[in-house]
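Here are a few exercises on pockets and aromatic rings, each with a worked solution. Have a go yourself before reading on.

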Amino acid sequence: MRIDEICARLTKATVFADVGCDHGLCTRYMFDRSLCERAYLTDVSKKCLEKAEALMKEEIASGRCIPVVTDGLDGVGEECDLVLIAGMGGEEIVSILSRRPLPKRFVLQPMKNSEKVRRFLVGAGARIEEDVTFRDGKIFYDLLTGWGEGGDEYTDYEFRYGRDNLKSSPAAFLEKLCAEREKLRRRLFHGGQMKAENRELLLGKLYETEMILDAIEGDL
Ligand SMILES: C[S@@+](CC[C@H](N)C(=O)[O-])C[C@H]1O[C@@H](n2cnc3c(N)ncnc32)[C@H](O)[C@@H]1O
């Protein structure tokens with residue numbers, strides 16, 4: 001399950017922030033395992049936040065959990081040493097993170113535009129610990145964990161595909177590439193007419209996908 005994959009990356013913190021918390025299950029996980037002293041639940045939607053508030057009633061009453069209707073971390077008045085942002089687009093994640101200093105530690109699960117998140121993090125001086133694709137049912141998700149400091153270097157391919165995907169080729173990444181290859185083949189060879197420039201673009205993508213698969217399968 002997607003939430004289990006995310007929670008498995010959550011580590012001990014003094015102040016945890018669950019940004020775009022919605023149901024609040026990740027914060028529940030943190031309190032149930034005594035992984036944090038305090039937590040902020042944030043969501044732009046009051047209605048979504050109410051779900052998390054219902055789940056964290058006791059901790060909110062005791063002041064250990066603070067719900068805030070806000071965009072990202074705006075208005076959260078203290079430093080959060082572990083920040084989770086999951087289930088949002090990569091551009092939204094970058095916008096949220098770029099409005100304050102990077103947190104000591106982060107867990108990010110972008111729904112799209114992961115490359116933009118990687119480029120932002122490395123550009124901002126972060127050190128990326130894990131950068132993988134996992135699968136939940138038919139859907140593939142990217143997951144990034146790391147530290148706000150320490151610096152890192154990425155190649156262009158690593159920015160585009162995820163560093164650990166290229167280094168250790170997890171099964172989900174291979175499956176994702178195979179699924180993409182099939183989709184491209186269907187569109188190119190069974191999809192009917194298309195403009196020459198679109199065909200060129202898709203052929204380029206197919207070539208690159210096959211090249212990466214060949215390189216990975218050669219290493220197995
Ligand atoms: C798909 S849900 C993900 C919920 C949970 N984080 C998860 O991964 O299962 C996205 C949530 O993020 C909230 N959201 C979207 N943009 C936001 C922003 N800029 N700041 C705070 N919350 C945001 C939405 O209201 C929604 O509750």
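**Exercise 1.** Find out which domains supply the lining of the largest pocket.

*Solution.* Start with the domains: domain 1 (2–161) and domain 2 (172–219) each give at least three residues to that lining. Those bounds come from an automatic or database domain assignment. A word on the model: it's predicted, so local features need pLDDT of at least 70 and side-chain atom pairs pLDDT 80 or more, while totals for chains, interfaces and linings use all residues. Residues are numbered from 1 along each chain as its sequence is written, and side-chain values use heavy atoms, leaving out hydrogens and water.

Next, the term itself: on a 1 Å grid over the protein atoms alone, a pocket is an open set of points where a 1.4 Å probe fits, with protein on both sides within 12 Å along at least five of seven lines, and lining residues have an atom within 4 Å of a point. The largest one holds about 780 Å³, a volume being the space filled by probe spheres set on the points, which are joined across faces, edges and corners.

**Exercise 2.** Work out which residues lie nearest the centre of the largest pocket, and which element gives the most to its lining.

*Solution.* Of the 28 lining residues, Arg 160, Tyr 161, Lys 176, Glu 180 and Lys 205 lie nearest the centre. Then go by element (DSSP runs numbered from the N terminus: helices are H or I with at least four residues, strands E with at least two). H9 gives the most, with eight residues. Finally, sort by type: eleven are nonpolar, five polar and twelve charged. Here Ala, Val, Leu, Ile, Met, Phe, Trp, Tyr, Cys and Pro count as nonpolar, Asp, Glu, Lys and Arg as charged, and the others, Gly among them, as polar.

**Exercise 3.** Trace the aromatic cluster that includes Tyr 161.

*Solution.* Rings of Phe, Tyr and Trp (its six-membered ring) pair if their centres lie within 6.5 Å; planes under 30 degrees apart are stacked, over 60 edge-to-face, the rest tilted. Put together, Tyr 157, Tyr 161 and Phe 173 make one cluster.
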